[in-house]
Amino acid sequence: MEVMRKFSEQYARGSGTYFCMDKSVTAVVIQGLAEHKDTLGSPLCPCRHYDDKEAEVAQGFWNCPCVPMRERKECHCACARDATTRRTNRALFESHDERSFTDFAPLVEQACSS
């Protein structure tokens, strides 16, 4: 967990992004990333549903930092924000139905809606 937290902080500094103001969102997402790193060997995004997590890890698209984050600074988990535009991917996040999320997403959604 500590390794993933440090990685996330370093990535945020280097990419010009910052964490969600609600620290519980960040904590839940980092916890999910750390658990996936431990169980799958890669920090697969914890806010998505995967039929085959191992295949998703091998593909790499949703390994954190995911392709949308690297290319457009859009965090599907609403964990990171772009420091220049103060933009999150909240519209995308809120548009998904329950089938799109793992066990972590309801906790993130609850934290974001308060």
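The sulfur of Cys64 lies 6.6 Å from the closest cysteine sulfur, that of Cys66, which is too far for a bond, a disulfide being defined as a pair of cysteine sulfur atoms within 2.5 Å. This is a predicted model, in which local features need pLDDT of at least 70 and side-chain atom pairs count only at pLDDT 80 or more, whereas totals for chains, interfaces and linings use all residues. Residues are numbered from 1 along each chain as its sequence is written, and side-chain values use heavy atoms, with hydrogens and water left out.

**Cysteines**

- The structure holds 0 disulfides.
- Cys64 is partly exposed, with a relative accessible area of 28%, where buried means under 20%, exposed over 50% and partly exposed in between, for a 1.4 Å probe and protein chains only.
- Cys47, at 0% relative accessibility, counts as buried.

**Overall architecture**

- The protein contains 6 helices and 2 strands, which follow the pattern α-β-α-α-α-β-α-α when read along the sequence; these elements are DSSP runs numbered from the N terminus, with helices being H or I of at least four residues and strands E of at least two.
- Of the 114 residues in the protein, 44% are buried.
- Among the contacts in the protein with a separation of 6 or more, 53% are between residues 24 or more positions apart, a contact meaning heavy atoms within 4.5 Å.
- The accessible surface of the protein comes to about 6,700 Å², and 52% of that surface belongs to carbon and sulfur atoms; the areas come from the Shrake-Rupley method with a 1.4 Å probe.

- Helix α2 covers residues 23-40, and its 18 residues should span 26 Å at 1.5 Å a residue, which agrees with the 25 Å between its end C-alpha atoms; the expected span is 1.5 Å times one less than the number of residues.
- The buried residues of α2 are Val25, Thr26, Val28, Val29, Ile30, Gly32, Leu33, Ala34 and His36.
- Val25, which is found in helix α2, counts as buried at 0% relative accessibility, and its C-alpha atom is separated by 6.1 Å from that of Cys79, 54 residues apart along the chain.
- Thr26, also found in helix α2, counts as buried at 9% relative accessibility and touches Phe19, Cys20 and Cys79, not counting residues up to four places away in sequence.
- Just after α2, Gly41 takes a positive phi of about 85 degrees.

**Trp62 and the aromatic pairs**

- The count comes to 2 aromatic pairs, under a rule by which rings of Phe, Tyr and Trp (its six-membered ring) pair if their centres lie within 6.5 Å, with planes under 30 degrees apart counted as stacked, over 60 as edge-to-face and the rest as tilted.
- One of these pairs is formed by Phe61 and Trp62, which are edge-to-face at 4.9 Å centre to centre, with 75 degrees between the planes.
- Phe61 is partly exposed, with a relative accessible area of 31%, whereas Trp62 counts as buried at 13% relative accessibility.
- Trp62 is found in the loop between α3 (53-59) and α4 (67-72), and its C-alpha atom is separated by 9.8 Å from that of Ser42, 20 residues apart along the chain.
- Arg48 lies over the face of Trp62, at 3.9 Å from the ring centre; for such a placement NZ of Lys or CZ of Arg must be within 6 Å of the ring centre and within 35 degrees of the ring normal.
- Not counting residues up to four places away in sequence, Trp62 touches Pro43, Leu44, Cys45, Arg48, Tyr50, Glu56, Pro68 and His76.
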